Amino acid sequence: MKYICMSTIAIVALAGCANEEVLEPIEPAPKVEAPTPDIPSVDLSFQAIVTEANDTLLIDALNGEYHPSPSISTYQLISETTGENVVMEELEVGDYLEVTYNGRFEQSNPPGIFVSDVTSIDAPIIDGWVKERGTPLVIGVSEGSFHPEEGATSYNLDFSEAEVDVTDWQGRNITADKIYVGNQIRVHYGGSSKSEDMTTIKATRLEDLREPTFEARVTTEYGTLIEVLDNQFRPDAGTWYGIIDQDEDSPDVFDENDQEITLADLEIADVVEVTFLGGFQDSEPLGLFAKAVRKLDKPQFEATVMEVNDDVLINIAEDEYLPSDTSTYELTGKEQNLVVLNEAQEEIHLLDLQEGATIEVTYEGTFNLGTPSQIFAHKVQVVENE
């Protein structure tokens, strides 16, 4: 290329001399930066406490909260934009954070997790519902929410209206007598005390939530039956619900690009965010009235099945999404009842996969360290058998 350019310049110069003209220099074309690849994100948030705040920021996920690795509580935080350890000089040991994890991790000890947002919070937040009215209220705490006491799901809620803000779902101040049994609430935690019958927790603020949301997975065609995912709010403490598809007031349904669709457009194992309207229909499973159902955009990648044993060993294809800096993983769905579909869209078992098969994996975002590391999935679709 260099030789060709020089020859061209020489020819132009000779032509210019012959015609006695002076040619204007040609400005070089502006450099075009390569586009930054759009790395999918699981965007899972959890609350944590700072355990080390020096050069390396270490956090422990709070009791009951989502854990990026089911068997590990302590993590280093890595910025998804810089790839460097997150540093927040104003933090001290014992401070609380809200962390948004993007699904990618480093196989270190403790593991490093890539995060898109880290926000300091005054105190942990508890999501639950009212079980009994009175003074104090008796509340249940949702699975996946911070639990002041490990193993306990019900608490007395002690608060003084003179000292604590009580608000409705629109942020307006209300009195405690406006909060009814079954209402979903959010408690800003202010400490707890142990008693013989039930632990009592104090609130610094109490919010009455009219429209809580949760993530679920579609389990049948037409999107009418869902299974609430692990570590999510559960409207009636159950796992399985039917979405009530009303003739006139059907829930608003959107795809991952915010385009309006119908429940019938959803497919088995799609992950959706459900906005609970409140109220149930007596059926089996329990029918649930939803205001909105929104399909979530979860990371997907193609991989080749290498071995099939207790779990499945896979190798992710080049240029595909990678959960960490390696392409080989053990694939499992034990934590979330993985759905596996063959080429004909028929449900099969994970261990029915064939070695050499090409599969499309919808990644959950959860991992266990090891050699190789184990990753969890929502869905596996066979693309082609060898």
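pLDDT is the predictor's confidence in each residue, on a scale from 0 to 100. The protein chain averages a pLDDT of 84, and 87% of the residues score at least 70. Over residues 1-36 the value is below 50. Beyond near neighbours in sequence, this stretch has two contacts in the model (heavy atoms within 4.5 Å). Where pLDDT is low, the predicted coordinates should not be read in detail.

This is a predicted model, in which local features need pLDDT of at least 70 and side-chain atom pairs count only at pLDDT 80 or more, while totals for chains, interfaces and linings use all residues. Residues are numbered from 1 along each chain as its sequence is written, and side-chain values use heavy atoms, with hydrogens and water left out.

Turn to the largest pocket. A pocket here is an open set of points on a 1 Å grid over the protein atoms alone, where a 1.4 Å probe fits, with protein on both sides within 12 Å along at least five of seven lines. Its volume, the space filled by probe spheres set on the points, is about 1200 Å³. The lining counts 47 residues (those with an atom within 4 Å of a point). Leu44, Ser45, Glu215, Asn231 and Gln232 lie nearest the centre.

Strands are DSSP runs of E, at least two residues long, numbered from the N terminus. S1 (44-53), S6 (125-132), S10 (184-193), S12 (213-218) and S24 (358-368) each supply at least two lining residues. S1 gives the most, with four. By class, the lining has 16 nonpolar, 15 polar and 16 charged residues. Nonpolar covers Ala, Val, Leu, Ile, Met, Phe, Trp, Tyr, Cys and Pro; charged covers Asp, Glu, Lys and Arg; the others, Gly among them, are polar.

Now the charged pairs. A salt bridge puts a side-chain nitrogen of Lys or Arg within 4 Å of a carboxyl oxygen of Asp or Glu. The whole structure holds eight. One joins lysine 298 and glutamate 215 at 3.7 Å, N to O. Lysine 298 lies in the loop between S18 (287-295) and S19 (300-308) and glutamate 215 in S12, so the pair ties together parts 83 residues apart in sequence. Lysine 298 is buried (under 20% relative accessible area), at 6%. Glutamate 215 is buried too, at 13%.

Glutamate 227 and arginine 217 also meet in a salt bridge, at 2.6 Å, N to O. Glutamate 227 is in S13 (residues 225-228) and arginine 217 in S12, ten residues apart. Both are buried.

Terms used: Buried < 20%, exposed > 50% of the residue type's maximum accessible area, 1.4 Å probe, protein only.
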